[in-house]
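Hi everyone, thanks for coming.

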Amino acid sequence: MGTLSVALRNAVALFGDGVEPYTPTPSELVSDAPHRRLLRYRRATPATGTPVLLVPPLAVTISCYDMRPSQSLVRFLLDLGREVYVLDYGEITYADRDLGFEEWVDDIVPTAIAAVSAEHAHADVDLIGWSFGGTISVLTAAAHPELPIGSVTAVGTPFDQRRNGQIALARRFGRVTGGREVTLPIKMIGGVPKYGVRAGFRLQAIERELTKPWFIACNITDVEALARMQSVDRFMDTMPGYPGRFYRQAYRQLIIRNEMFSGTVNLGPDFAVDLTRLTAPTQLIGGTKDALASSASVAAGVDVLTGAARVRFAQVPGSHLGIIAGPAARETTWATIAQFLAEVESTRTPARTH
């Protein structure tokens, strides 16, 4: 097919169903309840090693771990021989306005860990979380050190907001106002609706949005480049919203009060999470171009998680989304995860019995 024909075909596809159909990795339902659907990805061969539970952040879909076949942490982990599970929170609506970190840290994620462990003769479970998924994973492991957690990997998860660029500016402003300019409107409307989340994510990547027409023109015959672009567009177009309480906690406790760095995260009058109680081996991964979680803000967690068996920080190239799902993630972030999991596996004690 000639260059002109390829360009014309791609141009038509861009305004239709896309240059590449979305083909998520096949999975099966393990359990189903609101905001806690547990899925297991299908394997063609028996698994080796301990199971992995992927913990997504809120306000994104599980496709963050499975953008397309060549940009799928899920498929990468399956190829390593692991059994891979993921939590799917589904849509977030006004009815969910009172959901906070507590629901995930004290209920949703612990229940999923227990279910995965039970399917594997009560083996430990390796947690992997990106962005707020990493925050939730760290908080869960610290709040419940008795859970069968073999390791925690947090990708793009900030600990010290003072080292976080534009967020540091918002933090300083919020410390003067008490954060009411954000928390009061969010409480009134019940959260951040999905359209607000999608607009905010695009604004954060404004350079990409502005240069997209030029990118398309330069790559109109490159199906791979266009498919990567459209996978990101599809990801952003399907983002759900934030529950009001969760978002207020994130702004007040994590950004203004910087409690992930102080070491104690207060999620309620009777629920304070002491991060030094996290005992599992932990890996923190930060991106060199991450505007939402600077590499320095992620690295600060090494000084916080003093109770962990060991804590390792790794810096990889890329943006917030790029480090978990970008074209270079396989050779950088995923390879780093694979090395860490192999090290943990080599020193793991035999599966617990009951």
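Let's start with the second largest pocket: 30 residues line it, and Arg208, Val232, Ser319, Gly322 and Pro327 lie nearest its centre. By pocket I mean an open set of points on a 1 Å grid over the protein atoms alone, with protein on both sides within 12 Å along at least five of seven lines; a 1.4 Å probe has to fit, and lining residues have an atom within 4 Å of a point. This is a predicted model, where local features need pLDDT of at least 70 and side-chain atom pairs pLDDT 80 or more, while totals for chains, interfaces and linings use all residues. Residues are numbered from 1 along each chain as its sequence is written, and side-chain values use heavy atoms, without hydrogens and water.

The second largest pocket holds about 920 Å³ of space, a volume being the space filled by probe spheres set on the points, which are joined across faces, edges and corners. Helix α8 (206-218) gives the most to this lining, six residues. Helices here are DSSP runs of H or I, at least four residues, numbered from the N terminus.

And the largest pocket? Its volume is about 1100 Å³, and 40 residues line it, with Ile167, Tyr242, Tyr247, Ile255 and Leu292 nearest the centre. Which helix supplies the largest share of that lining? That's α7, with six residues.

Helix α7 (residues 194-204) also holds Leu203. Leu203 is exposed, at 60% relative accessible area, where exposed means over 50% with a 1.4 Å probe and protein chains only. Thanks, happy to chat!

Conventions. Helices (H or I, at least four residues) and strands (E, at least two) are DSSP runs, numbered from the N terminus. Buried means under 20% relative accessible area, exposed over 50%, partly exposed in between (1.4 Å probe, protein chains only).
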